[in-house]
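Work through the exercises below with the structure open beside you. Try each task before reading its solution.

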Amino acid sequence: MLLDAEGAAWRNARARADAGMIEDRGGYTASCWTIVVPFFNEEAVLAATLESLAAQTVRFRLVLVDNGSVDASARIATETCERLELDHVLLHQGMPGKINALRMGLDHVHTRFVATCDADTWYPAHYLAEAQRLLERPGCVVAGAYFIAPGDGEVERRRESANIRLAARMLPRQCHAGGAGQAFRTEALKAAGGFDPRRWNYVLEDHEVIHRVLRHGTMRYADALWCVPSDRERDRESIRWTLVERLVYSAAAPVAGDWFFYDFLARRLKARALTTERMRERAYQHLAGVVGEPAYSVR
């Protein structure tokens, strides 16, 4: 049973929030933004991510989705949100895999814009405002952020900015930003089918969902839209696509995207057992996590 504890004030404000308007009734302010943050065993980094989101210059609703963590991540998420006085909901998705967590999170989005953020990534204070500037342009349905490494200076940032914007001009029907740096017009994302494991239950879901969303408009990038993934070591097996797959993507995306994802790439990822739960990163963690029926809790 779904325990809808979002609150009567939140439900009553949805219509105006969907229209991108701000409403203040009885001390409650609805935003035109929701941020969805899925996480699995991120106790070491989650607080820093939430602190960066708390510094945003625009208001937002935060949807946290615990994807079966067996560490203190859920407790840290709750304590940090309460300390920072963030408007948030904490959900528990027992089905392993990021796409399952994103699907659950999107079900709780009722605002004009939605951003998917990773639990191990730092976001500058202007991140949502810059994404909104892009999404308010005619025809834009997705905003993509580029990644810079911790400790990078202005020279490195400008280089990454130039690279992603050049790639977007040359290959406009592809996705050039990872899931940690994507923001959507919610209406377009949901019209495209959202995050659906029945449609795509493999890694690289950030590229597949953009393929569908681009049927509804364009994707834009900007010099000021960036974020900083953590520099922790990765000890998982590679979940990346091969050079051949990237080359085929470049050629097929503008004219045969459905064939590329659902016939060509899906078959190859299945052969390599690269299903969605393989996104879990540390070898000492149990891949399946805590599996069971989804449960919901909020603060």
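**Exercise 1. Describe how helix α3 packs against helix α4.**

Solution. Start with the geometry. Helix α3 (residues 46–54) and helix α4 (residues 73–84) pack at an angle of about 30°, and their axes are 9 Å apart. Helices (H or I, at least four residues) and strands (E, at least two) are DSSP runs, numbered from the N terminus. Axes are lines fitted to C-alpha atoms, for helices over the stretch in contact, and angles run from 0 to 180 degrees between N-to-C directions.

Next, classify the angle. Angles under 35 degrees count as roughly parallel, over 145 as roughly antiparallel, 65 to 115 as roughly perpendicular and the rest as oblique. Therefore α3 and α4 are roughly parallel to each other.

Now list the contacts (heavy atoms within 4.5 Å). From α3 come Leu46, Ala47, Leu50, Glu51 and Ala54; they meet Ser73, Ile76, Ala77, Thr80, Cys81, Arg83 and Leu84 of α4. Sorted by class, this contact of α3 with α4 has eight nonpolar, two polar and two charged residues. Here Ala, Val, Leu, Ile, Met, Phe, Trp, Tyr, Cys and Pro count as nonpolar, Asp, Glu, Lys and Arg as charged, and the others, Gly among them, as polar.

A note on the model: it is predicted, local features need pLDDT of at least 70, side-chain atom pairs count only at pLDDT 80 or more, and totals for chains, interfaces and linings use all residues. Residues are numbered from 1 along each chain as its sequence is written, and side-chain values use heavy atoms, with hydrogens and water left out.

**Exercise 2. Find which residues of α3 are buried, and what covers them.**

Solution. Apply the cut-offs: buried means under 20% relative accessible area, exposed over 50%, partly exposed in between (1.4 Å probe, protein chains only). In α3, the buried residues are Leu46, Thr49, Leu50, Ser52 and Leu53. Seen down the axis of α3, they fall within an arc of 155°, so they line one face of the helix. The arc is that of the directions from the helix axis to the C-beta atoms.

Then look at the cover. It includes β3 (33–39), β4 (61–66), α4 and β7 (121–122).

**Exercise 3. Is leucine 128 buried or exposed, and what does leucine 128 touch?**

Solution. Leaving out residues up to four places away in sequence, leucine 128 touches Trp33, Ile35, Gln56, Val58, Phe60 and Ala115. Now compare sequence and space. Leucine 128 and threonine 34 are 94 residues apart along the chain, and their C-alpha atoms are separated by 9.9 Å.

**Exercise 4. Where do asparagine 41 and alanine 273 lie, and what is the phi of each?**

Solution. Recall the general rule: most residues other than glycine have a negative phi. Asparagine 41 has a positive phi of about 55°. Asparagine 41 lies in the loop between β3 and α3, and is buried at 7% relative accessible area. Alanine 273 has a positive phi near 55°. Alanine 273 sits in the loop between α10 and β11 (295–296). At 41% relative accessibility, alanine 273 counts as partly exposed.
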